[in-house]
Amino acid sequence: MLTVTLRHAFPGFQLDASFQAPAGLTALFGHSGSGKTTVVNAVAGLLRPQSGRVTVGDMVLTDSDAGVFLPPHRRGIGYVFQEARLFPHLNVRQNLLYGHWFTGRGQQADLSRVVEMLGIGHMLSRRPAALSGGERQRVALGRAILCHPRLLLMDEPLAALDQARKDEILPYLERLRDHAGLPILYVSHSPAEVARLATTVVLMDKGRVSAAGPVAAMLSDPAVAPLFGMAETGAVLTARIEAQEPDGLTRLLTSAGPLFLPRIAAPVGTGLRLRILAQDVMIATAPPRGISALNVIPAQVHDMTAVPGGVLVRLQAGDQMILSRITARSADVLGLSPGVPVYAVLKAVSVAPGTIGVSRG
Amino acid sequence: MTDWLTPEAWQAVRLSIRVSLWAVAASLPLGVFVAYALARWRFPGHGLLNGLVHLPLVLPPVVTGYLLLLTFGRRGWIGEWLDQVGIVLAFRWTGAALAAAIMAFPLMVRAIRLAIEAVDPKLEQAASTLGAPRPWVFLTVTLPLILPGIMTGAILAFAKAMGEFGATITFVSNIPGQTQTLPSAIYAFLQVPGGEAAAARLVLIAVVIAMAALFLSEWLSRLIARRIRGL
């Protein structure tokens with residue numbers, strides 16, 4: 001568990017943030033200039049806050065009242081930067097083992113394990129200049145992990161990469177989150193990344209924490225979700241692959257009922273996390289007939305919130321929440337109000353494969 | 001060789017090379033330290049230190065030499081103290097090395113400082129998050145990356161030291177075999193009738209050494225830069 005309380009005044013900008021990051025991946029989300037990187041740098045010890053307290057587990061890293069401020073090299077924190085910051089004069093293997101010189105931790109067995117997990121075995125003797133952006137970022141990730149940090153910081157590690165490179169790294173981040181067992185603080189301004197990776201979301205705005213909580217609750221909260229941008233508003237569903245159908249579909253089991261999506265290349269039983277955008281969900285008051293959409297999920301209106309250009313309807317299906325954005329007229333015509341039983345209609349192809357995350361839970 | 005060059009002239013060439021090598025070798029660690037301090041640290045007196053380092057570049061060399069005589073001469077406030085522990089600089093080749101080192105110092109520091117400023121401090125930050133204490137960050141990240149700059153600075157300083165005349169002749173005079181460096185020898189030959197031929201030969205040697213130093217510097221920096229960048 002990471003606990004952070006920070007106060008620092010810059011010319012024209014005031015940071016006053018406080019939050020907790022439990023196990024798993026905590027996404028620090030906000031617009032550029034909201035203070036996310038400043039928070040991460042203060043946790044890493046690269047910035048000394050005017051006042052504040054930072055602890056990881058029972059270790060105090062910063063405590064302005066007690067005059068405690070550990071320098072970065074004594075914090076045992078892994079930091080993956082936006083630009084990989086690999087050492088150009090060292091090859092990949094030397095980069096990976098750099099922290100080993102100082103911590104004395106990390107054995108040959110660790111190196112092979114991390115190298116295998118990140119798929120970088122074939123580039124060990126190469127120099128960073130000869131690597132692609134995605135490869136560099138994987139090496140940077142490995143370098144941070146091999147210090148055996150008690151906490152991992154990532155400052156928009158994917159922001160400088162194109163979509164193909166992102167898709168290449170995201171599975172590694174999921175594996176790290178689910179298997180490494182260390183808390184991760186992850187700065188992002190991409191709703192898709194947050195929906196796919198986060199366990200906990202901390203929303204930042206103008207140097208303050210404006211909301212914080214578990215990802216599913218945060219992304220389906222009508223008061224919070226629009227902050228991600230109206231087109232990006234969408235709830236997160238957890239599901240499990242139940243069967244691969246012969247006609248190219250994958251049958252998923254969710255607490256809201258079965259769901260059919262185009263073939264997802266993962267074994268039966270794999271846990272998934274789907275982001276269902278509010279603009280892709282239609283609402284029907286009766287079971288629709290003669291309709292191409294494969295997914296009709298029985299649900300109940302939980303609440304309705306007026307948003308620019310329409311109404312954001314939160315539907316409860318099983319123990320999960322789905323968001324749907326419809327026009328005010330549709331809401332009127334359908335006579336929607338909290339408690340009304342409805343059907344949420346979702347086209348199978350509306351869930352983009354890149355947004356589907358794998359999770360152990 | 002001795003047919004073409006008088007023993008006296010040959011002695012001056014060897015002395016100049018010895019003086020310059022010592023001047024560079026002895027001042028290089030301090031040069032790297034000062035360059036690092038000027039490039040990376042903000043402290044009171046930053047401007048003063050910068051000015052002090054550059055002073056020999058803008059002062060008349062004779063003035064620098066005279067100031068050296070005042071401080072490091074046998075009656076000078078440092079020289080007197082050094083004399084007691086058995087070190088005499090004035091009118092010795094070691095004094096010539098000191099004068100050359102001080103005159104070449106600004107060039108050396110400038111080249112190294114440029115190299116340090118070109119190193120991304122973010123790399124040093126990354127090293128510290130990986131557990132490296134400050135001195136180790138310098139030794140394992142900064143130093144390897146600025147090697148080409150150090151090389152350039154050292155060779156520039158060597159060339160400057162080879163050519164130093166004004167401060168040297170003021171501080172340690174022009175004693176053949178003791179303090180008569182290559183430029184002082186050229187000067188001495190020009191003072192005597194019929195010395196032009198000998199002076200011209202020394203001039204030729206000076207040109208060759210200077211050009212060789214420049215080419216070596218270029219070649220070495222490029223080689224090191226290529227090895228560091230891994231291309």
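The model is predicted: local features need pLDDT of at least 70, side-chain atom pairs count only at pLDDT 80 or more, and totals for chains, interfaces and linings use all residues. Residues are numbered from 1 along each chain as its sequence is written, chains are lettered from A and ligands numbered from 1 in the order in which they are written, and side-chain values use heavy atoms, without hydrogens and water.

**Where the chains meet**

The contact (heavy atoms within 4.5 Å) takes 22 residues from chain B and 22 residues from chain A. The area buried between them is about 1,900 Å². Buried area is the accessible area (1.4 Å probe) that two parts lose on being put together, summed over both. Carbon and sulfur atoms give 67% of it. Leu123(B), Thr129(B) and Leu130(B) supply 32% of the area that chain B buries against chain A, more than any other three residues. There are 0 salt bridges between the two chains. A salt bridge is a side-chain nitrogen of Lys or Arg within 4 Å of a carboxyl oxygen of Asp or Glu. On the side of chain B that touches chain A, α6 (121–129), α7 (134–163) and α10 of chain B each give two or more residues. Of these, α6(B) gives the most, with 7 residues. Helices (H or I, at least four residues) and strands (E, at least two) are DSSP runs, numbered from the N terminus.

**Salt bridges**

Over all chains, the structure holds 14 salt bridges.

| Pair | N to O distance |
|---|---|
| Arg7(A) and Asp16(A) | 3.5 Å |
| Arg53(A) and Asp63(A) | 2.5 Å |
| Arg113(B) and Glu117(B) | 3.1 Å |

Arg53(A) sits in strand β4 (residues 51–56) and Asp63(A) in strand β5 (residues 59–63) of chain A. Arg53(A) is partly exposed at 39% relative accessibility. Asp63(A) is buried at 10%. Buried means under 20% relative accessible area, exposed over 50%, and partly exposed in between (1.4 Å probe, protein chains only). Arg113(B) and Glu117(B) both lie in helix α5 (residues 93–117) of chain B, 4 residues apart, about one turn of the helix.

**Exposed and buried residues**

Phe215(B) lies in helix α10 of chain B. Phe215(B) is exposed, because its relative accessible area is 58%. Val236(A) lies in strand β12 (residues 234–244) of chain A. Val236(A) is buried, with a relative accessible area of 6%. Leaving aside neighbours within four places in sequence, Val236(A) is in contact with residues including Ala195(A), Leu219(A) and Gln320(A).
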